[in-house]
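Please keep the sequence and the 3D view open while reading.

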Amino acid sequence: MNLKIIGLGLFSGDLSLRACGAIKKSDCVILKSEKFKSAKIIKDAFLNKGKGGSDVFFKGGAEFFVLDNFFEEAKDFDDLNERITAFVFKTSKKYKNTVYLTDGSGGGDATAAALIRMGAELIPAASAGVYAVARAMRSAYLEETENKTESKTENVKCGIRNAELPNGNKDISGIGNKKESAECGMQSDAENAESIDESGNAECYIQNTESINESGNAKGGIRKAELPNGNRGGLFSLPAVTEIGAYELKDTECLFPDKRFYFVVKDIDNAFTASDVKLRLSDIYGGAEVFLVYGGGEILKTTLFEIDGQKKSVYDYRTVLVIPPSETTANKVHDMADLYLVMKRLRGRGGCKWDMAQTHQSIAINAIEEAYELVDAIELSDRDKMLEESGDVLLQAVFHAVIAEDEGDFNVYDMLTALCEKLIFRHTHIFGGETAANEKEALAAWEKAKAKEKKYTNMTDKIKSVPNNFPALLRAEKIMKAAAKYGFGYEDEDEAFGKIAEKTAELRTAETPGEQKKKGGEMLLAAAECLRRTGVEPETALKEAVDRAAKRLEFMEAAAEKDGKSFSELTKEEREKYWNSAKAQEKNNI
């Protein structure tokens, strides 16, 4: 495929020498839109036939297409991208060398991405996202510098002396002061900008005032400089940036951006798009402070909740949203990464003594307690408690993963990988070749895949897989269910219910405590098996029965006290009366 995609950059003149050479060698030039600010030099060159100094890449006889009419004819952006991609691909087949010019880096364009997947080559240029981040970083620094009220110190030719970098800046390169070109990323105060020479080259980067020589020039290196919270990247490179288009963002099903790095959304061309972006990101970032970079360099500081309420001139194809990085403790909305980092901090150097002392064994009971508290919240339909207890259950899983990581065993990624692989492997009717028309068939497919995964070869393997720490009735149900699949069990309901009567009789005739315990357990096991056969979970059935009994007893005591009677002194007849009243009250509340 003799097609090259060329990023025009952000401004007229951003084209690289390599890009100019590719354009000059081409016999077909396709410009996505002449409205791009960076497209002016291309438009002028081909309209002027290479006159006026534009012959650096103009080639006479080359076909020149501008695709602005596609924007007017398309129903929506999906339709636009499909039309343009098809036209460029089809047209490139007719020529020996075709170039397709789009704004920004080139690779961030949806049509370019589609053509690259078809075999086109990319010649990139400046990224709108990186440029917007640099503008936001510079704006944040200047704002902080202007707000400083401490006394001014002597001018220093080096960039930073005892400077406190603004929160969120990952590094210092490319961050200027009030002049367009700074000798080094930052100056100790705004007035010190005068000490930067015209060359734009810095002699060093960060220096403490103690190391400055008599001439006022710093000798170099980094000494005693306090970088702000949130600096993650190298000192002399721009920070990591996650960049996505506004229209791609809307179609992204799952989004978990790393908040320790910049997040950039391009192509916010109107207030409606801004509103869509706001709604998509608010659950992730809340009302975080953000920057809108627009008009090719103008910058507006606002909040995520307010990005769709700006004046009309703020929005066009060049408008970029920049969300600066933040520390875990400053995030307005937290995610899994925050939970992991909090636990690492609690168990790390200088952390919480209690958290640092815990082991898998010492917190094992916590998982059971939190699980029961979550079940209680679910049964009570208590939304706030469900939210809290679900988090507590999740905490136990992450706690164990962090402990294991500290011990050189598995980590959070291993835990999540094992979980996801299990879900994918066992849902063969979703991710594999199995089919399931209903819930029962889906469960059967799960059990079949699980048996294959666990390598169960017989009934004993299955029974041994049931945890010993399960509640007794739940464990009874699981074991009897496993045995039933291998043909063990009662032939019919009469035999099953008859076993309860048989074990009840044996319990009544048992003479020793040990015999009573044994026969009582067998009676409960028989009852559990009867419930299982009828489709009732024994553990749930007993719990609900105990809950009902507790509520009835509470009602009985309250009713007796209201009548001026002591519950412990009630006669049999009175207790029967209050019990029946409690049952009636229970039915009325259903």
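The sections below take the basis of the model, then the sheet, then the helix contacts.

## Basis

This is a predicted model, in which local features need pLDDT of at least 70, side-chain atom pairs count only at pLDDT 80 or more, and totals for chains, interfaces and linings use all residues. Residues are numbered from 1 along each chain as its sequence is written, and side-chain values use heavy atoms, with hydrogens and water left out.

Helices (H or I, at least four residues) and strands (E, at least two) are DSSP runs, numbered from the N terminus.

## The sheet

Five strands make up an open sheet with parallel pairing, in the order β3-β2-β4-β1-β5. Its edge strands, β3 (63-66) and β5, each pair on one side only. From one strand to the next the twist averages 20°. Two strands are said to pair if DSSP finds at least two bridges between them.

Strand β1 (residues 3-7) is mostly covered, with four of its five residues buried; buried means under 20% relative accessible area, exposed over 50%, and partly exposed in between (1.4 Å probe, protein chains only). β1 pairs in the parallel sense with strand β4 (residues 98-102) over five bridges, and with strand β5 (residues 121-123) over three bridges. K4 stands opposite V99 in β4, and the bridge partner of K4 in β5 is E121.

Strand β2 (residues 28-31) is joined to β4 by four bridges, again in the parallel sense. Here L31 stands opposite L101 in β4.

Helix α5 (residues 110-117) lies across β1, β4 and β5 and runs at about 150° to β1. Axes are lines fitted to C-alpha atoms, for helices over the stretch in contact, and angles run from 0 to 180 degrees between N-to-C directions.

The axes of helix α4 (residues 77-92) and α5 come within 9 Å and cross at roughly 45°. α4 and α5 are therefore oblique to each other. Angles under 35 degrees count as roughly parallel, over 145 as roughly antiparallel, 65 to 115 as roughly perpendicular and the rest as oblique. The crossing of α4 and α5 is right-handed; that word applies if the near helix is turned clockwise from the far one by less than a right angle, and left-handed if anticlockwise.

N81, I84, T85, V88 and F89 of α4 meet A110, T111, A114 and L115 of α5, where contact means heavy atoms within 4.5 Å. The residues of this contact divide into six nonpolar, three polar and no charged. Ala, Val, Leu, Ile, Met, Phe, Trp, Tyr, Cys and Pro count as nonpolar, Asp, Glu, Lys and Arg as charged, and the others, Gly among them, as polar.

## Helices α11 and α12

Helix α11 (residues 364-379) and helix α12 (residues 383-406) have axes that come within 9 Å and cross at roughly 160°. α11 and α12 are therefore roughly antiparallel to each other, and their crossing is left-handed. By class, the contact of α11 with α12 has seven nonpolar, three polar and five charged residues.

E370 belongs to helix α11 and is buried, with a relative accessible area of 15%. Not counting residues up to four places away in sequence, E370 touches E389, D392, V393 and Q396. The C-alpha atoms of E370 and V393 are separated by 5.6 Å, although the two residues are 23 residues apart along the chain. Q396, in helix α12, counts as buried at 6% relative accessibility. With the sequence neighbours up to four places away again left out, Q396 touches I363, N366, A367 and E370.
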